[in-house]
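Hi everyone, thanks for making time for this. Could you bring the structure up on your screens, so that we can walk through it together?

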Amino acid sequence: MRATWKGAISFGLVTIPVQLFTATEEHDIPLRQVHEKDASRVRLRRVCEAEDVEIPYQEITKGYEAPDGSMIMLSDEDLADLPLPSKKLIDVLAFVDAGSIDPLMFSKAYYVGTSDKAAAKPYALLREALTESGQIAVTKIAIRSRESLAVLRVHEDTLVLQTCLWPDEVRPAAGITPEGDVTIRPQELQMAKSLMEMLSQDFDISALHDDYQEALQQVIEARLQGIEPPHEEAAAPTGGKVIDLMAALENSVRAARESRGETGPGAETAQVHELPVRTAAGKSPAKRATKTASKSAASKTTAKSETPARKTTGSAASKSAAAPKDTGGKKTTAKKATAKPTAKSTAKSTAKKAASKTASKVAASKTTTARKTTQKRASA
């Protein structure tokens, strides 16, 4: 890896000779600009306006156009000899907490390596001090023909210089956020946190890759083979439904659980009851189903509560009932019911059976008492 900058880190009276190495790279499939008619290359040429001829790159320098239209020439030597203290020096201005710099300001990253063996100890000292304190160093550096704000931080036992935008280069966000007061219910916030937990479990950022580059490569290979390239599948129609935010969060949590293989009763501990999905007309089938189920449960409870009272009434009536009459040996055949017994009919049948059983017991008891009385009189 070739160094892109050489200089020194300076904090206080400590100087560390270092060199910078580009820490990042982008992987792009190179696409050329071509003429649509004949697929020939379209090239950009440097043409002098005064002479109308193409000139070589070696004859090109930089210039500044003054307000009056005149051009001020600036050579490479002028730019190299700028009176900047940060030209070959990474000057540490202060040490601040790592979270005090907004990531929006971060730009390009460089690995910081030593340029000689004598720098090993002060390099390790600065690295350990940053690690123990949890702080980063705010610096300034002149690199690539401009001075930049930068920070020094630790990444896997290596110092990293991260160039930053100047504070006045970050645009304000005024007028972008939604206007008006938005009410967030506690249930929605809790469900959002649950979804965040589910999506964060076992997350490995190193497993991510550029899907766009893969899709572009598939299209290129299909064109090379003379076949139709793959296309994006059409999105499924929503059907005009307006999905409740809470229902969308619950469905997201459920989908995340299912993708992780967490199904069954144990996977529903953190789940709140699902809210109804409202249709465009505003009607909720789930509410109607809940109301019907509630009525059914209420009718069953009423039937159960009525059963003891019926039993008591039947028992009282059985005391005054006479013994069953003799039908002359003829059996009475009951008609078979053609409909399924309801809760009410079942309760009546139970009461009748209880009354008949109680009446039999009372009759048997009276017969026994009469026999005992007759025996006593006969013995007397």
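Let's start with F11, which is buried because its relative accessible area is 18%. Buried here means under 20% relative accessible area, exposed means over 50%, and partly exposed is in between, with a 1.4 Å probe and protein chains only. Before I go on, a word on the source: this is a predicted model, where local features need pLDDT of at least 70, side-chain atom pairs count only at pLDDT 80 or more, and totals for chains, interfaces and linings use all residues. Residues are numbered from 1 along each chain as its sequence is written, and side-chain values use heavy atoms, with hydrogens and water left out.

Back to our phenylalanine. Which residue has its ring paired with that of F11? The partner is F95, and the two ring centres are 6.4 Å apart with the planes at 85°, so we call the pair edge-to-face. The rule is that rings of Phe, Tyr and Trp (its six-membered ring) pair if their centres lie within 6.5 Å; planes under 30 degrees apart count as stacked, over 60 as edge-to-face and the rest as tilted. Strands, by the way, are DSSP runs of E with at least two residues, helices are runs of H or I with at least four, and both are numbered from the N terminus. F95 has a relative accessible area of 36%, so this residue is partly exposed.

Next, salt bridges. How many does the structure hold? There are four, where a salt bridge is a side-chain nitrogen of Lys or Arg within 4 Å of a carboxyl oxygen of Asp or Glu. I'll show you some of them.

One of the bridges runs between R146 and E169, with the closest N and O atoms 3.4 Å apart. This pair also links distant parts of the chain, 23 residues apart: R146 is in strand β10 (residues 146-155), while E169 is in the loop between β11 (158-164) and α3 (186-200). R146 is partly exposed at 41% relative accessibility, and E169 is partly exposed at 35%.

Another bridge joins R127 to E128, again with the closest N and O atoms 3.4 Å apart. Are these two residues buried or exposed? R127 counts as buried, because its relative accessibility is 19%, whereas E128 is partly exposed at 39%. Then there is K140 with E147, where the closest N and O atoms are 3.9 Å apart. K140 is partly exposed at 27%, and so is E147 at 22%.

Patches are made of residues with over 30% relative accessible area and no salt bridge; like charges are joined within 9 Å, and nonpolar side chains (Val, Leu, Ile, Met, Phe, Trp, Tyr) within 5 Å. R32, R41, R43 and R45 form a positive patch. R32 lies in the loop between β2 (14-22) and β3 (47-48), and is exposed at 59% relative accessibility. For the negative kind, look at E26, D28, D210, D211 and E214. Among them, D211 belongs to helix α4 (residues 211-225) and is exposed at 52%. In this counting, Lys and Arg are positive and Asp and Glu negative, while His and the chain ends are not counted. Each charge is placed at NZ of Lys, CZ of Arg, CG of Asp or CD of Glu.

There is a nonpolar patch too, made of Y64, I72, L74, L79 and L82, with about 410 Å² of accessible area together. Accessible areas come from the Shrake-Rupley method with a 1.4 Å probe, and for residues only the protein chains shown count as cover. L74, in strand β6 (residues 71-74), is partly exposed at 31%.

Finally, two backbone details. D52 has a phi near 55°, a positive value in a residue other than glycine. D52 is in the loop between β3 and β4 (53-54), exposed at 62%. E156 has a positive phi as well, near 50°; this residue is in the loop between β10 and β11 and is exposed at 67%.
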